[in-house]
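Visitor: Please show me how the features of a structure of this kind are read, one at a time.

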Amino acid sequence: QVQLVESGGGLVQAGGSLRLACAASGSISSINSMAWYRGAPGKQRELVAVIFSGDSTNFADSVKGRFTISRDNAKNTVWLQMNSLKPEDTAVYYCKVVAIAGWRLYEHGYWGQGTQVTVSS
């Protein structure tokens, strides 16, 4: 019903920048929120940033002032701009979209496959 394709992960030195992208496709009626989560070995998956349909945003305290999130509703795409990266930002980053799609007449969460971000010290 909804396919999410993530891109932009990779290896970067501390202090560097990366930009992640997530494009949603399929039989989408509407998208409410688009978000990025991250998961590292031994740690619970955590919310990094979320942007809602009205463009309001929320960020984890650990990334405030360094990361920004934006979306293009016409392209069903969300971006995460990550600046001043730190080794502790190393994780697999997952895109999550909450949307009404396919046969569902209610909102449902869809996850991407994840993209690795590694920050070296």
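**Reading the salt bridges, the sheet and the core**

Guide: Glu 46 is partly exposed, with a relative accessible area of 33%; here buried means under 20% relative accessible area, exposed over 50%, and partly exposed in between (1.4 Å probe, protein chains only). The model is predicted, so local features need pLDDT of at least 70 and side-chain atom pairs pLDDT 80 or more, whereas totals for chains, interfaces and linings use all residues. Residues are numbered from 1 along each chain as its sequence is written, and side-chain values use heavy atoms, without hydrogens and water.

Visitor: With which side chain does Glu 46 meet in a salt bridge?

Guide: A salt bridge is a side-chain nitrogen of Lys or Arg within 4 Å of a carboxyl oxygen of Asp or Glu. The partner of Glu 46 is Arg 38, at 2.6 Å from N to O. Arg 38 is buried, with a relative accessible area of 7%.

Visitor: What is the strand order in the open sheet of 4 strands?

Guide: Two strands pair if DSSP finds at least two bridges between them. The order is β1-β3-β8-β7, with antiparallel pairing. Because β1 (2–7) and β7 (67–72) stand at the edges with a single partner strand each, one side of each has no neighbour in the sheet. Within the sheet, β3 (residues 18–26) and β8 (residues 77–82) are joined by 6 bridges; Ala 21 has Trp 79 in β8 as its bridge partner.

Visitor: Which residues touch the most other members of the largest nonpolar core?

Guide: In soluble globular proteins, nonpolar side chains tend to be buried together. A nonpolar core is a set of buried Ala, Val, Leu, Ile, Met, Phe, Trp, Tyr and Cys residues joined through side-chain atoms within 4.5 Å. The largest one has 30 residues, of which Trp 36, Leu 80, Met 82 and Tyr 93 touch the most other members. β9 gives the most to this core, with 6 residues.

Technical notes
Helices (H or I, at least four residues) and strands (E, at least two) are DSSP runs, numbered from the N terminus.
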